[in-house]
Number of protein chains: 2
Amino acid sequence: MPTLQDVAREAGVSKMTVSNVLNGHRDRVSPATIARVMEVVGRLGYVPNATARSLSARRSNLVALAFPGRDAGGIEPLMNPHDSLFLGEVEAHVTQAGLYLMAHSVNSVESTANSLRSWNVDGAIFLGTRADEVAALHRAYEAPMVFIDNHGTSPQISNVGIEDRLGGSLAGRRLVEAGHRRIGFVGPAFDEPGVVRERHAGFVQALAEAGLELRPEHVVRCNASFDAAVDAARQVLAAPDRPTAVFATADIIAAGLLKGFVRAGFPVPDQMSIIGFDDLEVARHVTPEITTLRQDIPGKARAAVEVLLAQLAQWPTVRSERRVLGVTLVERGSVGPPPAIPIN
Amino acid sequence: MPTLQDVAREAGVSKMTVSNVLNGHRDRVSPATIARVMEVVGRLGYVPNATARSLSARRSNLVALAFPGRDAGGIEPLMNPHDSLFLGEVEAHVTQAGLYLMAHSVNSVESTANSLRSWNVDGAIFLGTRADEVAALHRAYEAPMVFIDNHGTSPQISNVGIEDRLGGSLAGRRLVEAGHRRIGFVGPAFDEPGVVRERHAGFVQALAEAGLELRPEHVVRCNASFDAAVDAARQVLAAPDRPTAVFATADIIAAGLLKGFVRAGFPVPDQMSIIGFDDLEVARHVTPEITTLRQDIPGKARAAVEVLLAQLAQWPTVRSERRVLGVTLVERGSVGPPPAIPIN
DNA sequence: CTGAAAGCGCTTACAG
DNA sequence: CTGAAAGCGCTTACAG
């Protein structure tokens, strides 16, 4: 494996001239020398050693994407289409920018911070971290960091997210508009700040504007998993004063509910309406297809990388940036009017 | 950020003693010294610099997972649940082993090889590479490499895959057993060696054993995308001597076909039977749920990392290893007998 | 426009 | 059991 030294010798110049050529400081080198060096680089198949470069330049060209690990209590890491799609997009943009992506599941803030420090990563993007973890991370490692979908963090924290609250309220309005008066909510816990809490808040607000309230017995806890949602359908149906429509905070939940309702003899949307969130592929796989709030995941990934690159360029002058992407209602087939003749 | 030097000074020992303690060469150090060093490490919050370590040790602790990029002509990178699930599992095992994962989309073999060389990665796992790329990769970079789902590569190439041919033949047999005589095949191109070709071969063989043949007009090309499969359904229905059942080489295709068939007025399984492959979540999302050939993706990821670690341990004595995981038929609701009263 | 020197933070023989 | 020295392959001021 040829080194800088080899190239320099072969081209009859010093190592640092080669370095200058390779790093684009070409104003410091004569065109003839550049040509000679490039020829040798090509002939020898020279590839710079990234670890050596990182060590001496104190810049690694490494970006980490951190996502919730197994210990985070959720489903398997990256089982979630949102996270995997996001990762794929981030990788593409990071590569595009000439950087490298380290994929890292976070099981503990400490070990994650240590990995970042150890590799001296230039920056990191975090999926699914809580507000307290955000703070700890910033304390443990000084580098540009962009968080995704965080709510309730200080404005000094760079964040890319979507209009979760608006999404929730659009969902609520859509169901109200369809004529529903008893509307349920199905989603994960929302006692901590986060997307679910925001969506819930927007939803409650929309109901309130219509003079309706979200009754506690119409709120069903359910993780973002299909099977959990199939079960949750039973709880919805068993609730006193059964709702005629539900807002699910994720399409995968909506899809599970759909199966659960139909299985229990409640066709959708004839006997039960459902509105989802995300507009993942699953929303179109099922029949009827799910009416949902669309978010732009590739756009979010692009924004996250943009914000990170901007911070890298400014570093160490941190100027935090918060970006909020829109959501739009996608009409499909899972919302209808309340049943004229309810079952039961 | 404290360095080895700082720890050494503080503990009153040499750098290399600290290094020995940290790298587990503890037999070379007295218990008392170990304790003192560890105390200082903890107190200072020392984290070894991975790039420095890589540079001097000529071992990076970095493993790359390469997956098809945008230019590979498929869908968006990692949109595919198989790849993203696999990635998540690999990350977990790699981390478990104290290594780090670099995620890398491959758009060209050259640039991928350069990245591997540049970072001096200890090994790599490759998803979705063709036989010719495999060879080029091995030529371009000397390190343990494990390929996934390759067929037709030489035995010196380490590979982890599944019984694709058996899967195809189980699919064929199942449909024959259900009484079908006109059976179609829907999947991507299979002119090159690969999983699709194997599944096709097994399928054809199963039909042959039943005295049936796969008629060319009953073979429909279709990429592994839901929308493409919805379209493909029309082609299946329009074929002369319309089949009463189809084998789809991927669940996502099966799901699309299901939607296409139902939309066209052909209920599944009453008028049309479908059998899929993979047993991804989508197979259970739809109604009826899809009968499919299950493969163990987490198991494949585990095996891939195992094989890679084994080679790392032996390196540079390469002993290639090929692992083939089983497939099993999962009965669900998309296969029935041929229609007693066919439509049309 | 070009180069000699120092240094990034580690590990690796080697010596004692 | 412990350490001094050399070196991994680069980049960074600095000097000319």
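These notebook entries record what I looked up about the sheets of this predicted model.

**Conventions.** I kept residues numbered from 1 along each chain as its sequence is written, with chains lettered from A and ligands numbered from 1 in the order in which they are written. Local features need pLDDT of at least 70, side-chain atom pairs count only at pLDDT 80 or more, totals for chains, interfaces and linings use all residues, and side-chain values use heavy atoms, without hydrogens and water.

Entry 1: I took helices (H or I, at least four residues) and strands (E, at least two) as DSSP runs numbered from the N terminus, and two strands as paired if DSSP finds at least two bridges between them. I found 12 strands in an open sheet of mixed pairing, ordered 11(A)-5(A)-4(A)-3(A)-1(A)-2(A)-2(B)-1(B)-3(B)-4(B)-5(B)-11(B). Strand 11 (322–325) of chain A and strand 11 (322–325) of chain B each have a single partner strand, so one side of each lacks a neighbour in the sheet. Neighbouring strands here are turned by 20 degrees on average, direction ignored; axes are lines fitted to C-alpha atoms, for helices over the stretch in contact (heavy atoms within 4.5 Å), and angles run from 0 to 180 degrees between N-to-C directions.

I then looked up one pair: strand 4 (145–148) and strand 5 (158–162) of chain A are parallel, with three bridges. A:Ile148 has A:Val160 of strand 5 as its bridge partner.

**Entry 2: the sheet of chain B.** I noted an open, mixed sheet of six strands in the order 7-6-8-9-10-12. Strand 7 (219–221) and strand 12 (327–330) of chain B are its edge strands. Strand 6 (183–187) and strand 8 (245–248) of chain B run parallel, joined by four bridges; B:Ile183 is partnered by B:Ala245.

Helix 10 (226–238) of chain B lies across strands 6, 7 and 8 of chain B, at about 155 degrees to strand 7.
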